[in-house]
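Colleague: I am new to this structure. Could you take me briefly through the whole and then give me a close look at one part of it?

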Amino acid sequence: MTTAPYNYSYIFKYIIIGDMGVGKSCLLHQFTEKKFMADCPHTIGVEFGTRIMEVSGQKVKLQIWDTAGQERFRAVTRSYYRGAAGALMVYDITRRSTYNHLSSWLTDARNLTNPNTVIILIGNKADLEAQRDVTYEEAKQFAEENGLLFLEASAKTGENVEDAFLEAAKKIYQNIQDGSLDLNAAESGVQHKPSAPQGGRLGNDAPSQKEGCSC
Amino acid sequence: MSANESPTDPAAEQMVEQASATTPESPTEAPSDVSPDIAPTRKTRRRPEHKPPPADDPSPQEVSESKPESPKASNESAVLQGGWGYWGSWGKSLLSTATATVATVGQGISQVIEKAETTLGIPSPEELSAQAPQEENTDGGTAGAEGEAQDDTAMGGALGMLSSLSSVVQSTGKTVITGSLDALEFIGKKTMDVIAEGDPGFKKTKGLMIRPTTLSQVLREAKEREEQQTSEDLSSDVEKKAHYGMLFDEFQGLAHLEALESLSRESEIKVKSVLTSMSGGELAQLKADLEEVSEPFSLMEFEDDDDDTKEDSDGVEFAKELRDAMSRLQLSVTADKLTQARTNIHDRIADVKSATPVSTTEEDEKDEADEMAVPQHTPEDVHALAISSLAELTAKSIELFHKVAQVVLHNASGNAQISTGDQAKVLAQITIMLCKEISLLSKSFTCCLTTVGSNEKGEVLNPLITGVFLEASNSATYIQDAFQLLRTVLQLAHIQRTADFAQ
């Protein structure tokens with residue numbers, strides 16, 4: 001175990017939502033393990049994953065809440081939206097029903113998170129082009145109408161998976177930089193670690209060292 | 001204190017100088033006519049060239065400086081019976097240089113003393129040396145006698161000087177000793193502080209005692225502190241491995257705990273709103289029901305006495321019991337992750353044990369040879385493994401409770417034959433089982449530690465063992481607290497079930 005995993009400046013809380021079987025857990029698994037999980041069991045309630053990635057020159061730890069898609073869990077999973085900085089709303093490009101349910105998921109996401117929560121729409125299973133049931137264009141239009149980021153991705157091939165998480169993180173970071181996201185707000189979904197060494201701010205090192213070795 | 005903390009020697013040196021410098025000023029020893037002579041001496045002592053540590057340089061200079069004075073001094077020795085005080089004055093000046101040199105060597109100690117004094121407000125060296133003259137007095141008497149016996153020549157002066165020197169050595173020695181005792185006391189206190197600062201477990205316990213907010217917050221703060229320490233403190237590799245809070249977070253214990261807390265909180269709100277919407281007999285009935293559900297949460301007994309001496313080091317018995325209990329819950333939640341973690345931990349302990357030959361007296365030499373050949377587990381390794389295992393098992397326990405909460409809430413209308421109150425009872429039993437397991441685990445790890453570290457000193461081994469027990473006790477507390485979060489969840493489940501049943 002090295003120190004590297006603990007060197008990050010921010011923690012962003014993400015939630016992944018969407019219908020059952022659209023591949024939410026597989027997206028997470030691909031993102032954290034860089035592997036495709038072919039036989040993925042149904043998620044009970046919520047599972048978690050973490051990964052540290054560099055976002056606009058900052059090390060950010062993503063704490064991802066992967067919720068269950070099953071309708072019967074909906075009441076429980078609603079409890080987990082609170083305090084999310086980013087939401088990945090996933091549908092399956094080969095199943096139109098999962099796309100049609102997006103408005104319901106979006107309503108939950110809007111109602112249960114804060115106004116600054118960045119929502120990215122992900123059309124998963126992009127590798128199954130032959131079975132495509134939802135066109136890129138219509139989904140793109142839906143995203144634009146609702147002010148969402150949008151990407152088509154494949155948890156199987158890994159295509160755009162990294163970008164999906166990264167694009168949302170960049171937007172969150174941008175919101176922090178331009179002040180529209182208040183870090184002090186209770187449910188911003190972002191934790192800042194001012195103590196962590198940050199790029200371009202060398203002055204931080206001196207006091208922290210002093211703290212470390214007072215004996 | 002920071003102003004005096006300069007790590008270079010001058011500060012320490014100066015302090016010691018001041019200590020000896022003040023001595024002659026005590027009324028008994030220093031007649032007023034002597035004082036003018038002392039003043040310049042003191043001045044010379046403070047000259048910058050005395051500050052650098054070189055051992056050879058200042059002393060000869062000092063001696064040569066004082067030589068012209070010695071004849072004059074020997075003359076006066078006849079007049080002054082206790083004239084040693086005078087000798088003493090420059091003898092000490094010589095000594096001060098000597099101590100200055102010594103101070104350079106024992107710099108660390110002087111600094112500790114200095115720190116101790118400034119922090120604790122113990123008597124300053126000046127005060128201490130002011131007490132010393134009483135002893136010096138007697139010494140001075142013999143010094144003077146010696147001086148007379150050896151005639152009143154420069155020789156006698158030199159001797160007098162030497163003896164007075166020794167007397168100052170005594171007094172300075174006393175200062176050092178008194179200082180050292182205080183320093184030890186100070187170090188003790190400081191160590192407690194350092195332990196409190198450096199030991200996340202201690203902090204956590206303290207945090208729990210105060211209970212500022214929620215458990216997850218306490219744990220998150222602990223984790224953040226550890227992360228901060230780790231990112232700053234690159235030197236200590238051992239510490240890095242054994243941060244409970246960070247490991248607990250890595251096993252996603254923190255996330256599950258947070259999620260469980262939010263479920264518990266929301267359940268509480270819902271239960272309250274249901275209660276306010278009711279009245280009369282209906283309300284009384286529901287209150288009684290909820291009381292029944294709550295009961296197992298307050299009747300908990302977590303005495304982990306060693307009444308059961310059964311050996312279950314491989315955790316098979318534990319896995320079986322847990323599986324039975326889980327099935328009694330009728331929630332289609334399995335504890336597989338947890339039992340798997342338990343099994344892995346057992347395997348790791350077995351690895352350590354097999355790699356550590358049980359040393360008997362006859363085999364000692366052979367063992368030593370083995371140790372050379374096979375890389376042994378160090379106590380630090382075992383400690384890190386213990387902390388990590390405890391963090392993992394605790395995280396998995398909390399994950400289990402979280403899963404139970406999720407399934408209880410969505411499955412309320414399900415086909416469970418067991419009442420919510422009985423589920424609560426089973427969960428209480430599971431909590432006890434988990435806490436016992438944690439306790440058992442800590443025992444086998446500390447056992448391992450003593451075996452592995454049989455050649456280590458107590459001061460190396462004891463903190464590690466204490467650390468394991470501390471985190472084990474913390475782990476048990478977290479598990480119990482997580483269990484308590486289930487109370488409102490089960491109450492809400494009960495309400496939902498009754499409502500569904502009515503329909």
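Modeller: Chain A has seven helices and seven strands; here helices (H or I, at least four residues) and strands (E, at least two) are DSSP runs, numbered from the N terminus. This is a predicted model, in which local features need pLDDT of at least 70, side-chain atom pairs count only at pLDDT 80 or more, and totals for chains, interfaces and linings use all residues. Residues are numbered from 1 along each chain as its sequence is written, chains are lettered from A and ligands numbered from 1 in the order in which they are written, and side-chain values use heavy atoms, with hydrogens and water left out.

Along the sequence, the elements of chain A come in the order β-α-β-β-α-β-α-α-β-α-β-α-β-α. Chain A has 215 residues, of which 51% count as buried (buried means under 20% relative accessible area, exposed over 50%, partly exposed in between, with a 1.4 Å probe and protein chains only). Among contacts in chain A between residues at least 6 apart in sequence, 73% join residues at least 24 apart; a contact means heavy atoms within 4.5 Å.

Chain B has 21 helices and zero strands. Of its 503 residues, 46% are buried. For contacts in chain B with a separation of 6 or more, 82% are between residues 24 or more positions apart.

Confidence comes next. The predictor assigns the complex an ipTM of 0.81 and a pTM of 0.63. Chain B has an average pLDDT of 68, and 47% of its residues score at least 70; pLDDT is the predictor's confidence in each residue, from 0 to 100.

Now the close look, at helix α17 of chain B and its partners. The axes of α16(B) (residues 316-329) and α17(B) (residues 336-355) come within 10 Å and cross at roughly 175°. That angle makes α16(B) roughly antiparallel to α17(B). Axes are lines fitted to C-alpha atoms, for helices over the stretch in contact, and angles run from 0 to 180 degrees between N-to-C directions; under 35 degrees counts as roughly parallel, over 145 as roughly antiparallel, 65 to 115 as roughly perpendicular and the rest as oblique. In this contact, α16(B) supplies B:Phe318, B:Ala319 and B:Leu322, while α17(B) supplies B:Leu338, B:Thr339 and B:Arg342. By class, these are four nonpolar, one polar and one charged residues (Ala, Val, Leu, Ile, Met, Phe, Trp, Tyr, Cys and Pro count as nonpolar, Asp, Glu, Lys and Arg as charged, and the others, Gly among them, as polar).

B:Gln330 lies in the loop between α16 and α17 of chain B. Its phi is near 55°, a positive value in a residue other than glycine. With 34% relative accessibility, B:Gln330 counts as partly exposed.

Helix α17(B) also packs with α20(B) (residues 420-452), at an angle of about 15° and with the axes 10 Å apart. These two helices are therefore roughly parallel. The crossing of α17(B) past α20(B) is left-handed, a term used if the near helix is turned anticlockwise from the far one by less than a right angle, with right-handed used if clockwise. On the α17(B) side the contact has B:Leu338, B:Arg342, B:Ile345, B:Ile349, B:Val352 and B:Lys353, and these meet B:Leu434, B:Glu437, B:Leu441, B:Ser444, B:Phe445, B:Cys448 and B:Val452 in α20(B). Nine of the residues in this contact are nonpolar, one is polar and three are charged. B:Leu338 and B:Arg342 are among the α17(B) residues that touch α16(B), and both are also listed in the contact with α20(B).

Helix α20 of chain B also holds B:Ile432. B:Ile432 is partly exposed, with a relative accessible area of 27%. B:Ile432 and B:Ile479 are 47 residues apart in sequence, and their C-alpha atoms are 9.3 Å apart.
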